[in-house]
Amino acid sequence: MNEYTFPIMFGVLAGVVARLYMLKTDYRQYPTYLHGKIIHIALGFIAAGLGTIAVPAIMEKEFTAITFLTLAASQFREVRNMERNTLTELDKFELVPRGNTYIEGIAIAFESRNYLVIFTSLSVTFAYLIFNFWLSLFVAIICMFLAKMLMSGGTLKGIVDIEYVKPHFEGSGLYVDNIYIMNIGIPEKRDLVLKYGMGFILKPKNFNARTTIANLGQRQAVLHDVSTALGVIRDSGEPSLVPLAKRDLDDGRVGVFVLPQKQDIPTAIRVIGNVPTLENAIRMPTESDANKKGSMTK
């Protein structure tokens, strides 16, 4: 036991608690329960230890110990690759896949959360050693709030208005409102689509939102989340029962067609509204220099 024992223990504890706080298994069932969680908790413990040890190392002028943080960065980059590869393989067996854009967003999130654990442990240990336990406890609470803020990214309800529209046929063409979805020639399949199908129109609130929801990965995320939350009426080898999302080329609206097992319109609208706005899908064309200069000259 020495002067660093309790600060290190409390710093590691704060980091692990932060990782547990950020570890959430929801309706998408990822990370899986129980073994998937064990992997992430173990990695969170390692990250907490690295962040905590950095402060005593600096105080003892062991500056070479900081190189362990660079090693941690490379290791957690491998965590990102592991998540990406695992989810890509699992995606092949989904009735409605997540898509590469969604998978990349999940992988980035798991890597970044380990860095938040390092930051939490480092800050808490530093506050304990420089000041006292009570201030370090306050810093730990602040870090929890920061983690929660960084966890909760944007959702679709912030950039689009969602409206239910019953799908209909014009000949053999399936439409949601006036947006063409696909052609279904088999009468039995058309009856099944009319019986179970649900349609939604996503109306972008601004030009940036129009470009964001045009991204194929963002649209696939909507289809996957709705199908996961409400179920899907289809099996492999049935292309006519695949949920689809198509754009209106005139105004940028997106028509979403799904075949959920649970026919609940309010729930479906909430699910679509809570679909995360994928970082890799976000576009802000109005922020480009060309657009800014163009608007200034008008």
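A nonpolar core is a set of buried Ala, Val, Leu, Ile, Met, Phe, Trp, Tyr and Cys residues joined through side-chain atoms within 4.5 Å, where buried means under 20% relative accessible area with a 1.4 Å probe and protein chains only. The views below show a predicted model, in which local features need pLDDT of at least 70 and side-chain atom pairs count only at pLDDT 80 or more, while totals for chains, interfaces and linings use all residues. Residues are numbered from 1 along each chain as its sequence is written, and side-chain values use heavy atoms, with hydrogens and water left out.

**View 1. The largest nonpolar core has 31 residues.** Leu156, Phe200, Leu202, Val256 and Ile272 are the residues with the most contacts inside this core. Two or more residues each come from α4 (100-130), β1 (160-165), β5 (198-204), α7 (207-213), α8 (216-230), β7 (254-258) and α9 (265-273), these helices (H or I, at least four residues) and strands (E, at least two) being DSSP runs numbered from the N terminus. The largest share, five residues, is given by α8.

**View 2. Leu202 and its contacts, leaving aside neighbours within four places in sequence.** Contact means heavy atoms within 4.5 Å, and the partners of Leu202 on these terms include Val160, Ile162, Val254, Val256 and Ile272, as well as Asp161 and Arg253. A second, separate core of 14 residues includes Ile179, Ile181, Val193 and Ile233.

**View 3. Helix α1 covers residues 5-22.** From its first C-alpha to its last, α1 reaches 26 Å, close to the 26 Å expected at 1.5 Å a residue, the expected span being 1.5 Å times one less than the number of residues. Among the buried residues of α1 are Phe10, Val12, Val16 and Met22, and the buried residues of this helix pack against α2 (35-59), α4 and α5.

**View 4. Ser136 lies in helix α5, residues 133-151.** Ser136 counts as buried because its relative accessibility is 0%. Apart from neighbours within four places in sequence, Ser136 is in contact with Phe10, Val124, Ala127 and Tyr128.

**View 5. The axes of α2 and α4 come within 8 Å and cross at roughly 40 degrees.** These axes are lines fitted to C-alpha atoms over the stretch in contact, with angles running from 0 to 180 degrees between N-to-C directions. Residues of α2 including Leu43, Ala47 and Val55 meet residues of α4 including Phe110, Val117 and Leu122.

Conventions:
Buried < 20%, exposed > 50% of the residue type's maximum accessible area, 1.4 Å probe, protein only.
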